[in-house]
Amino acid sequence: MQGMLKGFLDLLYPTRCRVCGVFSKSVLCPDCLDSFSFIRPPTCKRCGKPCNIEVDDCKECRNRFKFSTARSLGLYEGNLKTAIHKFKYKNARGLAAIFADMMTGLVSDFDDVELITYVPLSRKKELKRGFNQAHLLAQEIAERTNLICDATLMRVAEEVDQTKLSLKQRKKNVRGAFVVDEKKDVSGKSLLLIDDVFTTGSTVDECSKILLKAGARNLSILTIARVCSF
Ligand SMILES: [Zn+2]
Ligand SMILES: [Zn+2]
């Protein structure tokens with residue numbers, strides 16, 4: 001009987017929520033999903049930062065970024081932060097599809113997207129982790145939007161851990177960290193660049209800068225979450 005009951009429960013709740021551990025139908029339970037701080041209007045139309053009123057560009061991003069628009073699903077805090085940590089560091093790859101389902105809804109915020117690309121990891125980091133979380137997300141979003149996902153960038157410099165650096169240090173740290181893959185033609189294309197977290201924007205902006213320099217027409221940024229304190 002016990003075996004039958006277990007089999008029945010397994011059928012109902014075949015997995016565990018990767019965030020809180022409860023038995024769940026999905027790798028993310030409804031309670032954890034509901035607890036995410038989703039970003040809702042009003043926001044800065046350019047960088048996607050929550051604002052008191054909708055603005056074309058906020059004072060933090062005015063004249064600062066090379067990309068044209070950035071959007072994120074939610075704030076990098078609470079259970080969303082935990083979910084991203086599990087995804088990246090605890091190999092919870094099943095979360096990629098759930099994040100991508102929600103992120104795909106934001107793609108219509110961008111004027112035109114012709115190609116989806118992503119922020120690369122260094123070879124060392126990707127080998128250690130076994131995957132690049134931004135690449136996984138980009139592939140999942142491409143499948144849902146019928147767009148092509150392609151690598152356009154390579155990470156050349158092995159940087160120090162960004163998380164402990166100031167804004168100024170972060171900018172300096174990512175400068176020269178990426179090159180455009182010579183085999184890829186980005187000229188005249190409008191690109192959507194995917195990353196996991198928008199912290200100060202230094203990383204995605206550096207990527208945008210070199211892709212625009214290589215001839216890309218437009219850069220839009222989409223991340224799972226963003227930090228809101230800069
Ligand atoms: Zn949960
Ligand atoms: Zn802004």
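## The nonpolar core

In this predicted model, the largest nonpolar core has 53 residues, and Leu 137, Ala 138, Leu 193 and Ile 194 are the ones that touch the most other members. A nonpolar core here is a set of buried Ala, Val, Leu, Ile, Met, Phe, Trp, Tyr and Cys residues joined through C-beta atoms within 7 Å. "Buried" means that 20 or more other C-beta atoms lie within 10 Å of a residue's own; "exposed" means 12 or fewer, and "partly exposed" is in between, with C-beta atoms placed from the backbone. In soluble globular proteins, nonpolar side chains tend to be buried together.

Which elements give two or more residues to this core? They are β3 (69–75), α3 (78–89), α4 (95–104), β4 (115–118), α6 (133–145), β8 (190–198), α8 (202–213) and β9 (218–226). Helices (H or I, at least four residues) and strands (E, at least two) are DSSP runs, numbered from the N terminus.

Let's start with Leu 137. Leaving out residues up to four places away in sequence, Leu 137 touches Ala 96, Phe 99, Ala 100, Met 103 and Ile 194. Touching, or being in contact, means that two C-beta atoms, placed from the backbone, lie within 7 Å.

Now for Leu 192, which sits in strand β8. Is Leu 192 buried or exposed? Leu 192 is buried, because it has 26 other C-beta atoms within 10 Å. With residues up to four places away in sequence again not counted, Leu 192 touches Phe 110, Val 113, Ile 116, Ser 220 and Leu 222. Leu 192 and Thr 117 are 75 residues apart along the chain, yet 6.0 Å separates their C-alpha atoms.

## Two domains

The chain splits into domain 1 (1–31) and domain 2 (36–226), with bounds that come from an automatic or database domain assignment. Their C-alpha centres lie 32 Å apart. Five residues of domain 1 are in contact with eight residues of domain 2. On the domain 1 side, the touching residues divide into three nonpolar, one polar and one charged. For these classes, Ala, Val, Leu, Ile, Met, Phe, Trp, Tyr, Cys and Pro count as nonpolar, Asp, Glu, Lys and Arg as charged, and the others, Gly among them, as polar.

Phe 8 is exposed, because it has 10 other C-beta atoms within 10 Å.

## A pair of helices

Helix α7 (residues 167–174) packs with α8 at an angle of about 35°, and their axes are 9 Å apart. Axes are lines fitted to C-alpha atoms, for helices over the stretch in contact, and angles run from 0 to 180 degrees between N-to-C directions. The contact uses Arg 170, Lys 171 and Val 174 of α7, plus Ser 202, Thr 203 and Glu 206 of α8. By class, that is one nonpolar, two polar and three charged residues.

The peptide bond from Pro 41 to Pro 42 is cis, with omega near 5°, and Pro 42 is in the loop between α2 (30–35) and β3.

Asn 91 isn't a glycine, but it has a positive phi of about 60°. Asn 91 sits in the loop between α3 and α4, and it is exposed, because 12 other C-beta atoms lie within 10 Å. Asn 146 also has a positive phi of about 60° without being a glycine.

## Reading the model

Residues are numbered from 1 along each chain as its sequence is written, and chains are lettered from A and ligands numbered from 1 in the order in which they are written. Since this is a predicted model, local features need pLDDT of at least 70 and side-chain atom pairs count only at pLDDT 80 or more, while totals for chains, interfaces and linings use all residues.
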